[in-house]
Amino acid sequence: MMIDFSSVFMFLAVGVIFVAVTMLLARLIRPADPNVVKMSNYECGEDPIGSGWFTFNVRFYIIALIFVIFDVEAVFLFPWALVFKSIGWIAFWDMLVFIVILLVGFAYVWNMGDLDWIKDLDNLKENEEDTVISGTMPNTTSGQVH
Amino acid sequence: MVDYITVAIYTVMSVVVFVLILTTVAFLTLAERRISAFMQDRLGPNRVGPWGLFQPVADGIKFIMKEDITPLEANKLLYTLAPILTIIPAMLTFAVVPFGHDLFLHGRVINLQIANLNVGILYVFAIASMGIFGIIIGGWASNNKYSLLGGLRSASQFISYEISMGLAVIGILMVYGSLKLNDIALYQGSLWFNTIPKWGILVQPLGFIIFLVSVFAETNRVPFDLPEAESELVGGYHTEYSSMKFAFFFMGEYANMITASALIATLYFGGWQVPYLHNIGFIIPKFGIVHMQQWLVAIIEVLSFVIKVGFFLFFFLWVRWTLPRFRFDQLTALGWKVLIPLGILNIVITGALIMLRII
């Protein structure tokens with residue numbers, strides 16, 4: 001057991017040495033001639049507008065939250081899978097109940113649209129059509145505001 | 001008391017395996033370009049040495065000679081740390097993959113595997129998940145819009161597909177009942193109806209498809225290469241990187257491909273197993289035994305592993321030029337709405353089939 005983990009650490013050591021040696025070697029060989037233009041952030045050749053650390057879509061966060069729930073569930077399944085054969089049918093039915101409870105939560109998340117990247121795509125389309133119609137028919141009937 | 005010879009053997013093996021992975025990474029970059037060229041009816045790089053074989057060496061020298069540029073606005077420490085955090089876990093994952101059975105040498109049994117950990121496949125999940133930190137830290141530290149988006153997409157994609165990958169592996173664990181990859185490979189040598197070897201692909205066909213798709217997403221390969229979609233995100237999370245730091249990201253990605261291929265081969269295609277081959281030679285039911293030397297058997301098993309891994313590496317490149325890239329909403333939808341329900345279905349079906357003593 002210990003010899004196994006020590007060989008993992010050996011492998012890690014080889015990796016760290018490789019990375020350190022390569023970076024050191026590169027540092028000794030490569031040229032270093034920085035200037036302000038060269039060290040500016042890349043934005044298709046233009047001067048960068050604002051900071052690169054912009055506010056991003058909250059979907060990324062929701063996906064991460066759902067992931068935590070499902071990953072914990074997977075952690076419960078791993079030890080069950082290992083002893084499944086020796087326990088038999090009772091393990092099968094137990095886990096079936098667990099999975100059904102989980103699926104109820106999954107169905108809820110799905111129904112709430114948290115798994116969709118673009119929420120309410122249909123609403124979005126309807127709104128777009130409205131704007132298009134109001135744009136093509138300007139002021140034919142007075143007093144009607146879209 | 002420490003057995004110094006055993007320690008020496010495993011040290012040498014660690015170094016040899018590490019160098020072999022690096023060499024494979026180097027030649028994989030060449031293979032990728034040559035095979036891409038072949039599929040597009042071009043020649044590809046063929047000038048450096050015979051058939052362009054020294055191209056990776058030329059690339060390596062060029063990487064080392066290039067100026068390293070750190071953007072002024074970047075977070076210097078994290079910017080330097082990110083490529084290291086990517087390449088080391090990518091290499092470290094390979095430590096538990098068995099590339100052969102035992103080798104008997106002068107009365108000593110040598111596992112052809114760097115570490116036969118009892119947590120086996122969980123170690124792979126744990127270490128592979130650490131690789132994502134490198135990508136998301138690199139994307140954030142660059143202070144570049146493309147990099148940040150690439151890093152975020154990468155993290156989101158990785159966690160979406162990690163669940164389906166875990167569910168697919170649970171099917172395998174139920175059948176083989178062990179976390180140790182060597183035990184899983186060993187079990188796949190047993191026979192079904194005394195004729196067909198119980199390879200993972202035969203007992204877990206649905207699980208194999210889920211695992212294969214998830215692994216493609218985990219390694220950021222086409223059709224799931226949104227983190228570095230060059231037509232919309234320039235270079236994705238490594239837009240600002242140059243010189244050796246870029247090379248580490250690049251090598252990490254290819255090392256991940258190698259580990260992924262090795263895992264597919266080990267879990268679903270018998271790993272180092274050759275059908276009917278045992279330590280004493282071929283044992284063919286109703287036919288007889290063909291005796292062989294043990295070292296010869298070990299060599300054949302290692303070759304078998306290398307061929308399987310080689311095939312899946314080729315498969316990665318093959319898919320790249322066959323399928324177009326997903327849109328991001330399609331990618332999350334596939335992960336959450338298709339693969340996860342399928343993964344749960346696979347667990348239930350596998351459970352029922354095991355209890356009915358079919359597999």
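**View 1. Contacts of Thr259(B).** Thr259(B) touches Ala90(B), Thr93(B) and Phe94(B), leaving aside residues up to four places away in sequence. Contact here means heavy atoms within 4.5 Å. The model is predicted: local features need pLDDT of at least 70, side-chain atom pairs count only at pLDDT 80 or more, and totals for chains, interfaces and linings use all residues. Residues are numbered from 1 along each chain as its sequence is written, chains are lettered from A and ligands numbered from 1 in the order written, and side-chain values use heavy atoms, without hydrogens and water. Thr259(B) sits in helix H10 (residues 243–268) of chain B. Helices are DSSP runs (H or I, at least four residues), numbered from the N terminus. Thr259(B) is buried, at 5% relative accessibility. Buried means under 20% relative accessible area, exposed over 50%, partly exposed in between (1.4 Å probe, protein chains only).

**View 2. Helix H2 of chain A.** This helix (residues 59–87) has 29 residues. From first C-alpha to last it reaches 41 Å, close to the expected 42 Å. The expected span is 1.5 Å times one less than the number of residues. H2(A) has a kink of about 40 degrees, centred on Ala81(A). The bend is the angle between axes fitted to the seven residues ending at a residue and the seven starting there. Gly88(A) follows H2(A), with a positive phi near 95 degrees.

**View 3. Met65(B) in its helix.** Met65(B) lies in helix H2 of chain B. Its relative accessible area is 47%, so Met65(B) is partly exposed.

How values were computed:
Helix = DSSP H or I, 4+ residues; strand = E, 2+ residues; numbered from the N terminus.
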